[in-house]
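Subject: Structure handover

Hi,

Here is the structure we talked about. Please open it and follow along with the notes below.

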Amino acid sequence: MTTWLERNDPGIFATLGGPGSQEAIDRAEARMGLELPAPVRQWLLVNDVDVDERPEFPGSLVRRGCEVPVPGGTLLLGLEDIQRVYLRQLAMERMEPSEDPDHPLWRQEWLPIAADRDGLYGTFLDTANGTIGTWADADLPEEGVLASLSALFHRAADLLEGVSTGDWSGPGAPARPLRRDEPHPEGEAIRRWAHAHGITVNDRGRIPSHIRDAYKEHDQP
């Protein structure tokens with residue numbers, strides 16, 4: 001992926017950032033309470049999007065990011081943005097726990113790899129088993145969509161080259177489609193219903209559980 005960018009799009013290649021530092025990684029691990037897997041450490045020590053002086057988007061959750069077509073997310077994250085997205089997602093889950101503890105909207109071991117500016121959808125690495133998953137607003141996360149971080153970068157390279165992606169999911173990995181960046185239809189339906197009934201709900205972001213419950217009760221025959 002990096003070779004293709006250096007050869008064909010040096011502008012985007014430059015936004016991958018310069019080498020990160022072990023000290024910054026150690027601080028990030030302590031802040032998140034999460035040990036970064038070796039492949040993530042190696043990547044950040046070579047390419048940390050956040051180390052170079054570039055314009056920020058201060059009103060956004062993702063303030064920098066590199067616009068690489070990573071499946072499930074539009075911006076590849078550097079170390080600072082990884083921490084910001086991770087801590088926000090974890091705090092939201094703790095403030096309003098998912099109804100099904102076996103299928104939460106966020107797990108402590110999930111490390112965000114790519115996301116949109118607002119963090120409403122993106123791609124995570126499951127540090128417990130090394131697989132790749134995706135999350136999206138108003139929908140349950142998809143776990144195990146790719147077998148590894150290496151598979152994710154292979155898929156990104158295929159997308160850059162405009163070729164049909166090969167089977168990078170590995171033996172036995174689930175053949176699930178990766179998310180696209182349009183709003184989830186159920187979330188949009190809940191928001192339309194809420195607005196029609198005078199219930200205040202944000203146009204973006206997680207829909208509170210009491211609004212979901214009210215919609216489900218209303219939707220019952």
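Strand β3 covers residues 121-126 and pairs with β4 in the antiparallel sense, over five bridges. Bear in mind that this is a predicted model.

Start with that pair. Phenylalanine 124 has glycine 133 in β4 as its bridge partner. The hairpin of β3 and β4 has five residues between the strands. Glycine 130 takes a positive phi there, near 85°.

Now zoom out to the sheet. Strands of a sheet pair through backbone hydrogen bonds, either parallel or antiparallel. Here, five strands form an open sheet, and the pairing is antiparallel. The order is β1-β2-β3-β4-β5. β1 (75-76) and β5 stand at the edges with a single partner strand each, so one side of each has no neighbour in the sheet.

Next, the other neighbours. Strand β2 (residues 110-115) runs antiparallel to β3, and five bridges join them. Leucine 111 has leucine 125 in β3 as its bridge partner.

Is β4 buried or exposed? Five of its five residues (132-136) are buried, so β4 is largely enclosed by the rest of the structure. Ile132, Thr134 and Ala136 point one way. Gly133 and Trp135 point the other way.

Last, find helix α6, residues 149-161. Helix α6 lies across β1, β2, β3, β4 and β5. Its angle to β5 is about 65°.

Best wishes

Note on methods: Residues are numbered from 1 along each chain as its sequence is written. This is a predicted model: local features need pLDDT of at least 70, side-chain atom pairs count only at pLDDT 80 or more; totals for chains, interfaces and linings use all residues. Side-chain values use heavy atoms; hydrogens and water are left out. Buried means under 20% relative accessible area, exposed over 50%, partly exposed in between (1.4 Å probe, protein chains only). Helices (H or I, at least four residues) and strands (E, at least two) are DSSP runs, numbered from the N terminus. Two strands pair if DSSP finds at least two bridges between them. Contact means heavy atoms within 4.5 Å. Axes are lines fitted to C-alpha atoms, for helices over the stretch in contact, and angles run from 0 to 180 degrees between N-to-C directions.
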